[in-house]
Amino acid sequence: MSEEYTDNKIETKAADSSSGSYAPPVEKIPAKEIPDQELYHAKSFWTKWVFCQDAKVIGVQYALTATAIGMIGLVLSWGMRLQLGFPETFSFLGPATYYQSVTMHGMIMVIYLLTALFLGGFGNYLIPLMVGARDMVFPYVNMVSYWMFLIAVLVLIASFFVPGGPTGAGWTLYPPQAILPGTPGSEMGIVLMLISLSLFVIGFTMGGLNYVITVLQARTRGMTLMRMPLTIWGIFTATVLALLAFPALFVACIMMTLDNLLGTSFFMPEIFSMGEKLEYGGGSPILFQHLFWFFGHPEVYIVALPAFGIVSDLISVHARKNIFGYRMMVWAIVIIGALSFIVWAHHMYVSGMNPWFGFFFATTTLIIAVPTAIKVYNWVLTLWRGNIHLTIPMLFSLGFIVTFVNGGITGLFLGNVIVDVPLSDTYFVVAHFHMVMGIAPLMVVFGAIYHWYPLITGRHLNQTLGKIHFWITFVGAYAIYFPMHYLGFIGVPRRYFEMYDSPYMTSGVGLNQFITVAALIVGFTQILFLYNLFTSWYKGEKSERNPWKANSLEWHTPDYPPTHGNFGKELPVVYRWPYDFSVPGSNKEYIPQHVAPSEVPNAKVEKT
Ligand code: HEM
Ligand SMILES: [Cu+2]
């Protein structure tokens with residue numbers, strides 16, 4: 001323990017120029033903050049709740065919209081599961097609708113639910129509050145970001161209603177198949193999907209620039225980068241990743257739209273379709289795969305890094321212990337983020353690329369396991385001998401660690417060319433990615449909602465319903481996805497509408513029925529959660545201020561829940577990291593970030 005702490009020298013740090021890095025005492029740094037101004041607050045209902053520039057309201061708008069579209073993604077999965085489990089009895093979908101459901105489900109879950117929720121939702125709500133800023137640096141642009149997102153969602157929904165229906169090209173949208181006649185939704189569906197994604201990227205960029213610049217430029221006095229909560233590190237790094245990765249998706253969408261509407265041949269080779277030679281020639285379908293996965297792999301971490309950050313904070317607060325190895329955790333986030341840009345072709349081992357190329361990508365992929373494992377060790381070491389409160393956020397955090405390690409281990413298998421080739425496009429892959437980027441991040445989303453709901457609404461979610469929600473979701477997720485690994489081993493292919501004609505599938509029939517029943521139970525439990533979310537808003541038990549006794553700034557605003565401008569007349573000054581729980585020498589169980597060392601005389605201070 002003593003290694004982590006030094007004596008209480010923070011106020012005299014400036015005098016110690018021998019260390020080489022000059023840091024003036026925090027009181028001497030001139031206040032650059034914009035004072036709270038009356039003019040700046042919204043006056044009417046419309047500017048307060050609808051066209052609102054307050055990042056907190058924008059965060060809630062993002063979160064509600066993402067949840068609504070996510071419900072569509074969930075319902076689509078029920079249709080698919082009924083078809084897979086009981087093809088004779090509950091066949092609501094035809095083959096074409098199945099492909100459309102797979103595609104829309106995948107895209108909705110990855111982009112419109114998880115990305116929007118973590119960055120647009122949590123990012124907006126938490127960044128200004130946690131770094132001690134009044135708001136995002138460009139509130140107007142931030143507002144437009146949400147409205148762009150909403151338009152992108154509406155365009156996506158519109159694609160369900162156009163002739164031919166939504167695209168059924170798979171969430172990877174690979175050309176030439178995506179735009180060739182015969183693929184479901186090759187008429188308007190694919191075009192609307194590409195437009196919707198482009199709008200999403202434009203909207204995201206407006207928000208993303210805000211998140212990055214707010215973290216870099218609008219932190220309050222004393223909030224050094226190495227005192228930021230890991231939540232902010234995760235969201236910040238993920239945003240940088242997204243700003244670098246989404247342009248690849250954006251150009252791919254634009255180029256494919258041109259191929260489709262204007263007959264260019266960026267991705268279209270010379271090709272015959274239904275016995276007829278098409279007007280295309282010279283394009284490269286593989287180029288699309290490279291562009292897609294240059295976005296697609298970092299996308300996994302765009303979802304995972306905020307989850308890593310948030311879960312670190314939840315574990316620390318609910319185990320009343322400082323996060324183990326804070327600096328290591330920060331660097332692991334940054335290194336994982338950087339490495340995630342040089343692994344994309346592990347999604348293309350079966351595309352016919354040169355095996356040496358595969359060797360390179362397998363190596364980089366496996367190297368990512370190192371910083372990732374460090375993070376897992378550090379979470380476990382934070383829990384070790386902690387005063388673990390089995391609150392709902394803690395339960396979900398533990399659920400995250402388990403599902404994430406599970407999904408990560410199958411990732412180590414799939415990262416190797418020789419293992420991936422036979423498993424590629426089987427249910428093993430479906431199991432792997434749902435565990436690692438579906439269920440694990442959702443566990444964090446839920447934990448985070450139970451944790452911050454009192455801050456947002458001033459009330460607690462119903463805890464009994466919460467426990468039911470956790471246990472059914474956690475056990476149910478295993479019931480759904482664990483058997484899928486086995487289905488993959490026996491060779492059940494992914495994206496197949498019907499396969500009971502194949503003799504090797506017979507041992508999978510019972511399992512498929514079991515999975516479907518589990519999926520329906522888990523699905524309905526999410527409706528229970530939504531019920532809890534909405535009814536607790538006005539009926540939930542009132543929460544006292546800072547119910548979890550956390551140290552980070554968002555819980556220490558003058559108004560609870562925080563109002564526009566966040567911190568009232570004066571911004572807080574930060575003296576410490578947010579992990580001062582059970583500090584040696586102090587009689588206080590926890591010391592919030594803005595408590596000056598002079599107020600806690602004997603407490604040791606961590607080395608930051
Ligand atoms: C209980 C919740 C869920 C269920 C029951 C479910 C079920 C399914 C099913 C049945 C498929 C089609 C498999 C196939 O035929 O190949 C699928 C595909 C997929 N799911 Fe989920 N899913 C769930 C949650 C999620 C979440 C949270 C994500 C977020 C990452 C996600 C992402 C995907 C993706 C990316 C695909 C692949 C789409 C494609 O092959 O084009 N799912 N899911
Ligand atoms: Cu990948």
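Which elements are included in what covers the buried residues of α4? The cover includes α2, α3 and α5. Before going further, a word on what you're looking at.

This is a predicted model, in which local features need pLDDT of at least 70, side-chain atom pairs count only at pLDDT 80 or more, and totals for chains, interfaces and linings use all residues. Residues are numbered from 1 along each chain as its sequence is written, while chains are lettered from A and ligands numbered from 1 in the order in which they are written.

## The overall picture

The protein chain has 14 helices and four strands. Here helices (H or I, at least four residues) and strands (E, at least two) are DSSP runs, numbered from the N terminus. Along the principal axes, the C-alpha atoms fill a box of roughly 80 × 55 × 50 Å. The radius of gyration of the protein chain is 25 Å, which agrees with the value near 25 Å that a compact globule of 608 residues would have. That radius is taken over C-alpha atoms, and the globule rule is 2.2 Å times the number of residues to the power 0.38.

Buried residues make up 50% of the 608 residues. A residue is buried if 20 or more other C-beta atoms lie within 10 Å of its own, exposed if 12 or fewer, and partly exposed in between, with C-beta atoms placed from the backbone. Of the contacts with a separation of 6 or more, 80% are between residues 24 or more positions apart. Two residues are in contact if their C-beta atoms, placed from the backbone, lie within 7 Å.

## Back to α4

Helix α4 has 20 residues and reaches 29 Å from its first C-alpha to its last, close to the 28 Å expected. That expected span is 1.5 Å times one less than the number of residues. Its buried residues are N142, M143, S145, Y146, F149, A152, V153 and L156. An α-helix has 3.6 residues a turn, so residues three or four places apart point the same way.

## Domains and the ligand

The chain is divided into domain 1 (49-263), domain 2 (309-543) and domain 3 (545-608), with bounds that come from an automatic or database domain assignment. Where does ligand 1 lie relative to domain 1 and domain 2? Both domains give residues to the shell around ligand 1, so the ligand lies between them.

That shell has 23 residues, and the closest are G106, M109, W171, G438 and R494. To count as near, a residue needs its C-beta atom, placed from the backbone, within 6 Å of the molecule. Helices α2 (55-85), α3 (95-131), α12 (427-457) and α14 (509-539) each supply at least two residues of the shell, and α3 gives the largest share, seven residues. By class, the shell has 12 nonpolar, eight polar and three charged residues. Ala, Val, Leu, Ile, Met, Phe, Trp, Tyr, Cys and Pro count as nonpolar, Asp, Glu, Lys and Arg as charged, and the others, Gly among them, as polar.

Now for domain 2 and domain 3. Their C-alpha centres lie 32 Å apart, and 15 residues of domain 2 are in contact with 13 residues of domain 3. On the domain 2 side, α7 (285-318) and α12 each supply at least two residues, with the largest share, five residues, coming from α12. The residues on that side divide into six nonpolar, seven polar and two charged.

## A glycine in a helix

G234 sits in helix α6 (residues 230-261). With 29 other C-beta atoms within 10 Å, G234 is buried. Not counting residues up to four places away in sequence, G234 touches L305, P306, F308, G309, I310 and I333. The C-alpha atoms of G234 and I310 are separated by 7.3 Å, although the two are 76 residues apart along the chain.

Most residues other than glycine have a negative phi, and most peptide bonds are trans. Here are the exceptions to look up.

| Site | Backbone feature |
|---|---|
| P175 to P176 | cis peptide bond, omega about 5° |
| Y560 to P561 | cis peptide bond, omega near -10° |
| N566 | positive phi, near 65° |
| S582 | positive phi, about 45° |

P176 is in the loop between α4 (139-158) and α5 (189-217). Is N566 buried or exposed? With 24 C-beta neighbours inside 10 Å, N566 counts as buried, whereas S582, with 16 such neighbours, counts as partly exposed.
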